Amino acid sequence: MSRLDGKVALVTGGALGIGAACVNRLVEAGARVAVADVLDGPGRQLAERFGDRARYFHADVAVEAEVQRLLADMLAAFGRLDVLVNNAGIAGANKPTHEITEAEWDRVQAVNVKGVFFCTKHAIAPLRAAGGGSIINLSSIYGLVGAPDVPPYHASKGAVRLMSKTDALLYAADRIRVNSIHPGYIWTPMVEHHLAATGGDLEQLRREVGALHPLGHMGEPDDIAWGVVYLASDESKFVTGSELVIDGGYSCR
Ligand SMILES: NC(=O)c1ccc[n+]([C@@H]2O[C@H](COP(=O)([O-])OP(=O)(O)OC[C@H]3O[C@@H](n4cnc5c(N)ncnc54)[C@H](O)[C@@H]3O)[C@@H](O)[C@H]2O)c1
């Protein structure tokens with residue numbers, strides 16, 4: 001018997017990076033997985049690798065009507081929902097606070113905060129119908145500590161941390177557990193683009209940012225995916241409202 005046999009998971013932002021690693025590991029652990037993203041090519045390709053155990057759905061998490069349709073379509077395909085991984089996120093504008101425009105601020109909150117809200121809102125009824133479940137929200141080390149860059153992103157990840165605790169309390173009686181994960185730097189397209197945008201030599205930047213972590217390097221998507229599998233499984237049945245920090249020691253200081 002595998003750890004997630006019989007469970008159905010929905011992973012937002014599942015086409016690339018951490019989301020794609022979650023899809024891989026969740027399927028491997030026995031779940032059937034709905035992959036939601038706005039990148040249709042990579043999302044479809046990934047889902048097709050798993051035959052009828054995974055299916056791709058186009059959905060922009062910042063648009064409530066698309067999230068509503070996503071939940072309806074994935075329920076029609078899989079019949080139930082046990083695990084929601086709110087992973088879709090963007091880094092957004094990297095400028096100091098006094099230079100950020102309202103539109104730049106709003107775009108990051110729309111995806112990173114409102115997206116988590118919309119997906120959670122529309123997942124509650126099917127999770128209740130399943131008799132409970134697990135919501136896993138991707139926050140960040142920057143939902144725990146500050147850094148002098150990407151102000152809208154850090155604000156969004158702080159919001160996700162406390163949204164997780166509020167929802168943990170609101171839905172505990174329904175046996176719906178809600179936890180946040182706080183990754184350090186993980187080598188994904190998001191981090192690669194973020195570092196590339198600063199100019200400079202990418203490999204050197206990768207080493208420098210890696211050295212901020214006491215373990216001496218950046219993490220890889222699977223480091224986060226294994227945490228997601230744990231929080232998705234019944235092994236974590238007494239865990240709710242918690243902060244799973246997977247950061248190579250970054251936030252110990
Ligand atoms: N990589 C890191 O170092 C790191 C660290 C801490 C937290 N995180 C968080 O983990 C999550 C995944 O990050 P990643 O590094 O894999 O990012 P990524 O950019 O590599 O992948 C993000 C995925 O989300 C999708 N996406 C973006 N906007 C979307 C939208 N509106 N609707 C649906 N899908 C959308 C993208 O198309 C992409 O497939 C994010 O929430 C990110 O903030 C990442």
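Biologist: Is Asn137 buried or exposed?
Modeller: Keep in mind that this is a predicted model. The relative accessibility of Asn137 comes out at 1%, and the cut-off for burial is under 20%. So Asn137 counts as buried.

Biologist: Okay, and where is Asn137 found, and what is it in contact with?
Modeller: Asn137 is found in strand β5, which runs over residues 133-138. If we leave aside its neighbours within four places in sequence, the contacts of Asn137 include Asn86, Val116 and Val160.

Biologist: Let's turn to the helices. How are α4 and α5 oriented to each other?
Modeller: Helix α4 covers residues 102-129 and helix α5 covers 151-171, and their axes are 8 Å apart. The packing angle is about 20°, and angles under 35 degrees count as roughly parallel. α4 and α5 are therefore roughly parallel to each other.

Biologist: How many residues of the contact of α4 with α5 are nonpolar, polar and charged?
Modeller: On the α4 side, the residues include Trp105, Val113, Phe117 and Arg128. They meet α5 residues, among them Pro151, Tyr153, Lys157, Met163 and Asp167. The contact divides into 3 charged, 4 polar and 14 nonpolar.

Biologist: What about α6: which of its residues are buried, and what do they pack against?
Modeller: In α6 (residues 189-196), the buried residues are Val191, His194 and Leu195. They cover an arc of only 90° around the axis, which puts them on the same side of α6. Residues three or four places apart in an α-helix point the same way, because there are 3.6 residues a turn. The buried residues of α6 pack against α7.

Biologist: Val150 has a positive phi although it is not a glycine. What is the value, and where does Val150 lie?
Modeller: Val150 is buried, because its relative accessibility is 5%. Its phi is about 25°, and Val150 lies in the loop between β5 and α5.

Biologist: And Arg175, with its positive phi: is it buried or exposed?
Modeller: Arg175 is not a glycine either, yet its phi is about 60°. You'll find Arg175 in the loop between α5 and β6. Its relative accessibility is 63%, so Arg175 counts as exposed.

Technical notes
Residues numbered from 1 in each chain as written. Predicted model: local features only at pLDDT ≥ 70, side-chain atom pairs only at ≥ 80, totals over all residues. Heavy atoms only, no water. Buried < 20%, exposed > 50% of the residue type's maximum accessible area, 1.4 Å probe, protein only. Helix = DSSP H or I, 4+ residues; strand = E, 2+ residues; numbered from the N terminus. Arc of directions from axis to C-beta. Contact = heavy atoms within 4.5 Å. Axes fitted to C-alpha atoms, helices over the stretch in contact; angles between N-to-C directions. Parallel < 35°, antiparallel > 145°, perpendicular 65-115°, else oblique. Nonpolar A, V, L, I, M, F, W, Y, C, P; charged D, E, K, R; others polar.
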